[in-house]
Amino acid sequence: MPDTNGEILVELKSVDIVNDGNLVLSDVDLTFRKGNFLYIVGKVGSGKTSIIKTLIGEIPVRNGEARVGDFDLLKLKKKQIPYLRRGFGVVFQDFQLLMDRSVHDNLEFVLRATGWKNRKAMEERIREVLSDVGMDMKSHKMPHQLSGGEQQRVAIARALLNRPQILLADEPTGNLDSETADEIMALFMKLHADLGTSVIMVTHNRALFQKYPGDVLVCENQGCCRLESPEEIDFTVAF
């Protein structure tokens, strides 16, 4: 179970989320602490991804209180957004690897883009994250030489490079078969348990959060969210 005494990383109180002038979610309450594992579930169009976009400053919040770390989202300035986003590592459904360079060079590209300069430190960090995801023997491979599951492992390694406070995963198993999805979820849980990684995951796959423990935030088409345990969820509403 998550540590209820951990540092608060995300706190939303009575928040309205607005996208392109349209109210997506209203009166959202969420407290997410360091070391938590949170699933965000709901039907298509229920606002799951909007919550992720809100946390990284892509779409605005209205009313209530909204904080991510030291950032007040209601007062967030454009110039602050890059600094806000440094606290997150993002894992996408479609991997988004650079196909013209090796696994190693994909990771090196991110480190250089985020200000790393020391060659030895970069090499050490690349080795560390590839070892964390079980890909340390394939750093020389090109993305097209890897399976979907292996590409997602590299994407997770990339997200971990700068030791983010929160790992955001948006449908990370959506393009994988059930067996591979299970392997990727086992990896997320290992990172959560062994490294204390804080994870927020959007998913449509009810089998995952029933099998792997975590808090569950259910988004409904009526524009509201509620925290529930997996056994309490009404699947006719949530999916």
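Trainee: What does the accessible surface of the protein chain come to, and what percentage of it belongs to carbon and sulfur atoms?

Mentor: This is a predicted model, in which local features need pLDDT of at least 70 and side-chain atom pairs count only at pLDDT 80 or more, while totals for chains, interfaces and linings use all residues. Residues are numbered from 1 along each chain as its sequence is written, and side-chain values use heavy atoms, with hydrogens and water left out. Accessible areas come from the Shrake-Rupley method with a 1.4 Å probe, and for residues only the protein chains shown count as cover. The surface of the protein chain comes to about 12000 Å², and the part belonging to carbon and sulfur atoms is 48%.

Trainee: What radius of gyration does the protein chain have?

Mentor: The radius is taken over C-alpha atoms, and the globule rule is 2.2 Å times the number of residues to the power 0.38. The C-alpha atoms fill a box of roughly 50 × 40 × 35 Å along the principal axes. For 239 residues a compact globule would be near 18 Å, and the chain agrees with this at 18 Å.

Trainee: What percentage of the residues in the protein chain is buried?

Mentor: Buried means under 20% relative accessible area, exposed over 50%, and partly exposed in between (1.4 Å probe, protein chains only). Of the 239 residues in the protein chain, the buried ones make up 47%.

Trainee: Among contacts with a separation of 6 or more, what percentage comes from residues 24 or more positions apart?

Mentor: A contact is a pair of heavy atoms within 4.5 Å. Within the set with a separation of 6 or more, residues 24 or more positions apart account for 70%.

Trainee: Which residues form an aromatic pair, and is it stacked, edge-to-face or tilted?

Mentor: Rings of Phe, Tyr and Trp (its six-membered ring) pair if their centres lie within 6.5 Å; planes under 30 degrees apart count as stacked, over 60 as edge-to-face and the rest as tilted. A search of the whole structure finds one such pair. Its members, Phe37 and Tyr39, are both buried. With 5.1 Å centre to centre and 50° between the planes, the pair of Phe37 and Tyr39 is tilted.

Trainee: Which residue forms a salt bridge with Arg125?

Mentor: A salt bridge is a side-chain nitrogen of Lys or Arg within 4 Å of a carboxyl oxygen of Asp or Glu, and the structure holds eleven. The closest N and O atoms are 2.8 Å apart, and the partner is Glu128.

Trainee: How many residues apart in sequence are the parts that Glu150 and Lys138 tie together?

Mentor: Glu150 and Lys138 form a salt bridge with closest N and O atoms 2.3 Å apart. Glu150 counts as buried because its relative accessibility is 17%, while Lys138 at 28% is partly exposed. Glu150 belongs to helix α5 (residues 148-160) and Lys138 to the loop between α4 and α5, so the separation of the parts in sequence is twelve residues.

Trainee: What is the distance between N and O in the salt bridge of Arg67 and Asp72?

Mentor: Arg67 is partly exposed at 37% relative accessibility, and Asp72 is partly exposed at 22%. Their side chains meet at an N to O distance of 3.9 Å.

Note on methods: Helix = DSSP H or I, 4+ residues; strand = E, 2+ residues; numbered from the N terminus.
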